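Work through the exercises below with the sequence and the 3D view open. Each task is followed by a worked solution.

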Amino acid sequence: MSALEQEVLAKLMQLDEAARWRVLQVAAQTFSPPAADSWVDEAHALRMEMRVKYGTLSFSAAALVDEVREERLRELAYHHTQ
């Protein structure tokens, strides 16, 4: 992501949710309508919505497995102390 894109995203995140949606709706009007069968365009739009709502989070599969493993170990340790 370019510095300009990061700056725009940072500014967007400073807005409340209603304002972010308004900005996204106006921005969406600058694009030509995607083809009806173009799931790639829909996936990119969903990614942008999620990025606006939650920020730029990324997880690897290994990180997710590690997190699940740690939670399970905590559960086992908790039940062992009971």
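**Exercise 1.** Sort the lining of the second largest pocket into nonpolar, polar and charged residues.

Solution. Start with the classes: Ala, Val, Leu, Ile, Met, Phe, Trp, Tyr, Cys and Pro count as nonpolar, Asp, Glu, Lys and Arg as charged, and the others, Gly among them, as polar. The lining then divides into 10 nonpolar residues, one polar and three charged.

The model is predicted: local features need pLDDT of at least 70 and side-chain atom pairs count only at pLDDT 80 or more, while totals for chains, interfaces and linings use all residues. Residues are numbered from 1 along each chain as its sequence is written, and side-chain values use heavy atoms, with hydrogens and water left out.

**Exercise 2.** State how much space the second largest pocket holds and which residues are closest to its centre.

Solution. First, the term: on a 1 Å grid over the protein atoms alone, a pocket is an open set of points where a 1.4 Å probe fits, with protein on both sides within 12 Å along at least five of seven lines; lining residues have an atom within 4 Å of a point. Next, the space in the second largest pocket is about 370 Å³. Of its 14 lining residues, Met 1, Glu 5, Val 8, Leu 9 and Met 48 are the closest to the centre.

**Exercise 3.** Find which helices supply the lining of the second largest pocket.

Solution. Helices are DSSP runs (H or I, at least four residues), numbered from the N terminus. At least two lining residues come from each of α1 (3-13), α2 (17-28) and α3 (39-54). The largest share, five residues, belongs to α1. Confidence is expressed as pLDDT, from 0 to 100 for each residue; its mean is highest in α1, at 91, and lowest in α3, at 83.

**Exercise 4.** Is Met 48 buried, partly exposed or exposed?

Solution. Locate Met 48 in helix α3. Buried means under 20% relative accessible area, exposed over 50%, and partly exposed in between (1.4 Å probe, protein chains only). Met 48 counts as partly exposed because its relative accessibility is 39%. Of the 82 residues of the chain, 9% count as buried.

Note on methods:
Points joined across faces, edges and corners; volume = space filled by probe spheres on them. pLDDT = per-residue confidence, 0-100.
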